[in-house]
Amino acid sequence: MAILEVLKFPDSRLRLKGAPVLSVNAEMKQLAEDMLETMYSFKGIGLAAIQVNRQVRLLVTDTRPREGGRYKPEEQTELERAVVQPLVLFNPEIIKKEGKTTYDEGCLSVPTYYETVDRFDYVEVKALDIDGKEILIKTDGLLAICIQHEIDHLDGKLFIDRLSPIKSARIKSKIKKHGYPDPSHPESEEDLDEAEADEEREEHRL
Ligand code: NI
């Protein structure tokens, strides 16, 4: 097991696309385990292989409510609760999508930034599981949002690409100019407030 480095925007490697996984072999299983450990260590609820500089179509999720977290058990939908998590999905493909929803998304590759993103409310996703077996996931709720966010990563896309052109450009130039605030060395009152708000939401990074 290992905690992997998570690439941060504007690292150009986040723009690479994942290649299909031809065989769920020992190396791929190890990568999935390492990604889960990495995701938990940064309090994320999802992680895609592209984020750890591996260009394969693999994502992991665990959107289950956590002790003391913002996401409460009663907010979980029935469909989401029926999916056994953590999920390891190789070659995930959305084969059905319905309805619209929005969510205040964050990302381990864009820390401290949160923006409302439009997503499909319900998805059916075909994939291979950790044993290389074909599975079909039917879900809505936070898990459906998370899977869509992670599949975007596998196509080189970030949630900040899905905002209005003006908002997207503003956030990207702000990050390129100032980087990310360091919560242990706040430079201003505003940084402190942001760090506090981030602390409350950080478990929602996808
Ligand atoms: Ni992300």
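This is a predicted model: local features need pLDDT of at least 70, side-chain atom pairs count only at pLDDT 80 or more; totals for chains, interfaces and linings use all residues.
Biologist: How do you know that the length of α3 agrees with a helix of 14 residues?

Modeller: Helix α3 covers residues 141–154. At 1.5 Å a residue, its 14 residues should span 20 Å. The end C-alpha atoms are 21 Å apart, which agrees.

Biologist: Is α3 enclosed or in the open, and why?

Modeller: A buried residue has 20 or more other C-beta atoms within 10 Å of its own. In α3, 14 of the 14 residues are buried, so the helix is largely enclosed by the rest of the structure.

Biologist: What makes α4 enclosed or open?

Modeller: The number of buried residues among its 14 is 0, so α4 lies largely in the open.

Biologist: How do you know that the span of α4 agrees with its 14 residues?

Modeller: Helix α4 runs over residues 165–178 and should span 20 Å at 1.5 Å a residue. Its end C-alpha atoms are 20 Å apart, which agrees. G179 follows α4, with a positive phi near 70 degrees.

Biologist: What makes β1 and β2 a pair?

Modeller: Pairing needs at least two bridges. β1, residues 46–48, and β2 have 3, in the antiparallel sense. G46 stands opposite T61 in β2.

Biologist: How many bridges join β2 and β3?

Modeller: There are 4, again antiparallel. Strand β3 spans residues 87–105. Here T61 stands opposite L87 in β3.

Note on methods
Residues are numbered from 1 along each chain as its sequence is written. Helices (H or I, at least four residues) and strands (E, at least two) are DSSP runs, numbered from the N terminus. The expected span of a helix is 1.5 Å times one less than its number of residues. A residue is buried if 20 or more other C-beta atoms lie within 10 Å of its own, exposed if 12 or fewer, and partly exposed in between; C-beta atoms are placed from the backbone.
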